[in-house]
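Me: I have a new structure open. Please show me how to read its features one by one.

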Amino acid sequence: MNAKQCAIIKDVFGLSGQVALVTGASSGIGRACALALGCAGAKVVINHLAESSKDAAEVCREIEDAGGNAFAYAAGVSNEDQVVAMFTATVARFGTLHLW
């Protein structure tokens, strides 16, 4: 998204101070949701599978280039231990989690 689109999204949705975790965020609909949340001002956790690390890093870069804050975390959502670790890492990094 360009700066103008991000400004409109941020004005409409205003998620500054919120923390969002998006599963499957390295591609497709998850990627689009993560980018939109980042534009709206949310700090975004980019959940992805290990084999999608490069794509997840690109999503983080796009959010950060637009002035947002994001980090990628590889975890399979069907694995309870990995999900717990992902939530723990999110809270350690951002202090809380609002949207998932």
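Me: What should I know before starting?
Reply: This is a predicted model: local features need pLDDT of at least 70, side-chain atom pairs count only at pLDDT 80 or more, and totals for chains, interfaces and linings use all residues. Residues are numbered from 1 along each chain as its sequence is written, and side-chain values use heavy atoms, with hydrogens and water left out.

Me: How many salt bridges does a search of the whole structure find?
Reply: Start with the idea. Side chains of opposite charge can pair when their charged atoms come close. Here a salt bridge is a side-chain nitrogen of Lys or Arg within 4 Å of a carboxyl oxygen of Asp or Glu. The search of the whole structure finds 3.

Me: Where do R31 and E62 lie?
Reply: The side chains of R31 and E62 form a salt bridge at 2.4 Å, N to O. R31 lies in helix α2 (residues 28–39) and E62 in helix α3 (residues 53–65), so the pair ties together parts that are 31 residues apart in sequence. Helices are DSSP runs of H or I with at least four residues, strands are runs of E with at least two, and both are numbered from the N terminus.

Me: Which residues are linked in a network of salt bridges?
Reply: An α-helix has 3.6 residues a turn, so residues three or four places apart point the same way. In this structure, the network links E58, R61 and D65. R61 meets E58 at 2.4 Å, N to O. They are 3 residues apart in helix α3, about one helical turn. R61 also meets D65, at 2.3 Å, N to O. That pair is 4 residues apart in helix α3, again about one helical turn. R61 is partly exposed at 38%, and so is E58 at 33%. D65 is exposed at 58%.

Me: How do I read the span of α2?
Reply: Compare it with the expected span, which is 1.5 Å times one less than the number of residues. α2 has 12 residues and reaches 17 Å from its first C-alpha to its last, close to the expected 16 Å. Its buried residues include G30, A34 and L35. The buried residues of α2 pack against α1, β1 (19–22), β2 and α3. Just after α2, G41 takes a positive phi of about 105 degrees.

Me: Where does L49 lie?
Reply: L49 sits in the loop between β2 (43–48) and α3. It is partly exposed, at 46%. Contact means heavy atoms within 4.5 Å. Neighbours within four places in sequence aside, L49 touches A74, A75 and G76.

Me: Which residues form a nonpolar patch on the surface?
Reply: Patches use residues with over 30% relative accessible area and no salt bridge; like charges are joined within 9 Å, nonpolar side chains (Val, Leu, Ile, Met, Phe, Trp, Tyr) within 5 Å. Areas come from the Shrake-Rupley method with a 1.4 Å probe; for residues, only the protein chains shown count as cover. Here I8, V12 and F13 form the patch, with about 330 Å² together. F13, in helix α1 (residues 3–13), is exposed at 57%.

Me: Is T90 buried or exposed?
Reply: T90 is buried, at 0%. Its place is in helix α4 (residues 80–94). Beyond neighbours within four places in sequence, its contacts include V19, V45 and F71.

How values were computed: Buried < 20%, exposed > 50% of the residue type's maximum accessible area, 1.4 Å probe, protein only.
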